[in-house]
Every structure is written in structure tokens, then in C-alpha cells.
Amino acid sequence: MANASGFFTHPSIPNLRSRIHVPIRVSGSGFCVSNRFSKRVLCSSVSSIDKHASSSPSEYQRPRLVPSGCKLIGCGSAVPSLLISNDDLAKIVDTNDEWIATRTGIRNRRVVSGKDTLVGLAVEAATKALEMAEVVPEDIDLVLMCTSTPDDLFGAAPQIQKALGCTKNPLAYDITAACSGFVLGLVSAACHIRGGGFKNVLVIGADSLSRFVDWTDRGTCILFGDAAGAVVVQACDIEDDGLFSFDVHSDGDGRRHLNASVKESQHDGESSSNGSVFGDFPPKQSSYSCIQMNGKEVFRFAVKCVPQSIESALQKAGLPASAIDWLLLHQANQRIIDSVATRLHFPPERVISNLANYGNTSAASIPLALDEAVRSGKVKPGHTIATSGFGAGLTWGSAIVRWR
């Protein structure tokens, strides 16, 4: 059944999907699983009960269960218009283009400005994904907004749902998992489709970390940019399933290496109406600090945990690394991308990277890179992709997916 171990564990799944016809039962988790392959998830939608069935409990007929898969059918992306180059940064901090590019691989990044909003970027990316998928907003069953920097404290997904014109009021909620957010969004979408009968799920990765960067700290301000990316995940027949496996983890002990904590205002507490002050009440107003990061520790974490996670996902999918057409990692640092690819023996020509143009866009980085690769013709229908997100939390997760 579905858990951190992934959806599919049978080693011959890719070749046997179309030939497996086995009884299905409902597990305690709500997922539907094969009686003969108990570790493989075959989550299902429920068909209508025979309208002539008796309402008597003793004669009640069980709903018929139809195994369901899911696949990615559309993608889109959006970036702010303001481009900040390394040379631009050299005007405000002690750095230069060569120093930044050599250590990170980044040349440019986009930053929200003027009337730009994260919701606006997300809506633009989502609209492009829906157009590619040929799905109208009215047919969306769920909107997942993967972000750590929403325009509203209480989340951005419902605003996106409204802006898109989803007239049936589908569920919309945020997922906060920083740079791992998009991968966790894919996993969540698949679970809703397999276990909840959803048909079309919109998964958006969007962040505006520039609002939480100390632009006087050359160790962090050179890294981050803003963007949004989106995919449409759609229910399909089980033999067409395009999400083969996943592997997800977190380690709260690593928070000390990467965080943006709440900080209290420096102003004194407000007084009550009678002039007295009650210790720490009322609470001081608070805000988030700028991003604090230990780059060396984050690098060590990524180059150790990400290859292990991808290898685990491949094993659960029953696929060798040679079956993967593309390696698509969170675009954090080119050195990390190169180190992970080397450890997994992926040649550079099979690694997707657009880091030089956008920097680290957090939850947006994977769908942004995917969209560019698809629209340029690099990623084609039927290609299998190993993707992995990693970052604050610490969290990390990998998925093996097929494009369309």
C-alpha cells in the first residue's frame, strides 16, 4: 500500500501492467490493493451502484472497484520580468560573475517586482499547463500549491483556484516543504487520484524567496530567484500509469543548517486599555527572518541523501538506472547536480539543468526545468524521468515518472 516506500514494488511492473488481472480489495488505509500483489498499490475509483439494487443491508451490493493509474499530461511555467545578473549583484555586495558562476553555476535570476505576485505567477504557469493538457478549469478536481512563501499567511491555493475560474469549487490547499515541495505535491496528487477517485489534479510549485533573502549577504543572495511551474496529473488506466514509484524522507535535526525562523518585533509590548502591562501579553508582532544557511552542510546532505533516495525509488519501480532517459534534480547548485549525477553514473547529456538562467527557485525549480525541456523538444512523450527535490526541513524525496 502507499507509504514512504512508494507505490510499486513488484520488479516486473513496467512489462506486466497490461497483463495483470487480479482481484482487488480495499485496504485499511483506503487504498485498493491486489490480493496477490499486496505491496503494489492499485488504487481505484468507485463506480455507481446498480440503481436496481435492494436497499436492504443483507442484499447490499459492494461498489465495483476500477483500478486507476495516473500520469503527467501538461506543464507550464512563469517567471518575473525583472532579471538580475551576477554583474548586477556585484554592485551591491562584494562578489563578481566569475566567483558566483564557478561556485554555483548561476549567471542570472528573476526577482518579483512592481505588480508581480506569487499568485499571479502561479496562475500563469497553471494556465499554460492546462492548455497543454487540454483540460478546462471546470474539470480540475484539486489544486495543490507547493510553496513556502505564499502571498497570504493562510495559503495561496484557494486564490489560484478562483483566479483560474474553477467554478465547481474544487479543494485547493498549500503544501509547505520548501525545495522538496513539488515532489511531495506529485506524491499527494497520485494518492488523491488512486485513493480518492480524483481525475484531474493541478500541482503547482512556486516560490518567491527573494523576499526572504539578506541582499547584503553574498553567501545566500547569489543563490535564489523567483518562479512558478505547474503540471496536470490525470487519472488513467492502470496499464498507462506514469508514476512508477517514490521515496520520501525528512530529518528535523537538519533544521539548524537551513531555516528562516519567526522573529519578534523589537518594539515593546502593547499596553492594555487601563495602562497596565501584562508581562509578555499581548504578544509582540512577528515576522520571518532572512534565510539562514550553512552551505557546506547542505551540500554534504544533498550529495549523500539524494543518490540514495533515487536508487531506492528505482529499486521500488523495478527499473535500472539505464532505463532512465533524464535526471531532473532540484536546481540548487550545479556542483550538487554534477556530484549526484556522477554518483549515479548519469552522463551530462542526460541531466536537465537550467540553473544558470534562474538560480534556486525552490519548489518551482523542477516544474520550471521540466517545462522548458518539454517545450524545447528535449523531453518527449514516453520518456522516463528520475526526479528529486531536497532542502529545508530537512526534507528530500524522489519520484520515477513517465512524461505523458
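Over which residues does pLDDT stay under 50, and how many contacts beyond four places in sequence does the model have for them? The stretch is residues 8-54, and the model has 110 such contacts for it. This is a predicted model. Its chain averages a pLDDT of 86.

**Confidence**
- A pLDDT of at least 70 is reached by 80% of the residues.
- Residues 268-273 form a stretch with pLDDT below 50. Beyond near neighbours in sequence, that stretch has six contacts in the model.

**Helices α8 and α9**
- Helix α8 covers residues 295-317, and helix α9 covers residues 334-343.
- The two pack at an angle of about 40°, and their axes are 9 Å apart.
- Because of that angle, α8 is oblique to α9.
- The crossing of α8 past α9 is right-handed.
- On the α8 side, the contact residues are F299, A302, V303, K304, V306, P307 and I310. They meet R335, I336, S339, V340 and R343 of α9.
- By class, the residues of this α8 contact with α9 are eight nonpolar, one polar and three charged.

**Helices α4 and α5**
- Helix α4 spans residues 118-133, and helix α5 spans residues 157-164.
- Their packing angle is about 55°, with the axes 10 Å apart.
- α4 and α5 make a right-handed crossing.
- From α4, the contact draws on V119, A122, V123, A126, T127 and L130. From α5 come Q159, I160, A163 and L164.
- The contact of α4 with α5 has eight nonpolar and two polar residues, and no charged ones.

**Salt bridges**
- The model has eight salt bridges.
- One of the pairs is D97 with R107, whose closest N and O atoms are 2.3 Å apart.
- D97 sits in helix α3 (residues 97-104). R107 is in the loop between α3 and β6 (108-111). The two residues are ten residues apart.

**Backbone features**
- Most residues other than glycine have a negative phi, and most peptide bonds are trans.
- A178 has a positive phi of about 50°, although A178 is not a glycine. This residue lies in the loop between β8 (171-175) and α6 (181-196).
- The peptide bond joining G393 and L394 is cis, with omega about -5°. L394 belongs to the loop between β18 (384-391) and β19 (395-402).

Methods: Residues numbered from 1 in each chain as written. Predicted model: local features only at pLDDT ≥ 70, side-chain atom pairs only at ≥ 80, totals over all residues. Heavy atoms only, no water. Axes fitted to C-alpha atoms, helices over the stretch in contact; angles between N-to-C directions. Helix = DSSP H or I, 4+ residues; strand = E, 2+ residues; numbered from the N terminus. Parallel < 35°, antiparallel > 145°, perpendicular 65-115°, else oblique. Left-handed = near helix turned anticlockwise from the far one by under 90°. Contact = heavy atoms within 4.5 Å. Nonpolar A, V, L, I, M, F, W, Y, C, P; charged D, E, K, R; others polar. pLDDT = per-residue confidence, 0-100. Salt bridge = Lys/Arg side-chain N within 4 Å of Asp/Glu carboxyl O.
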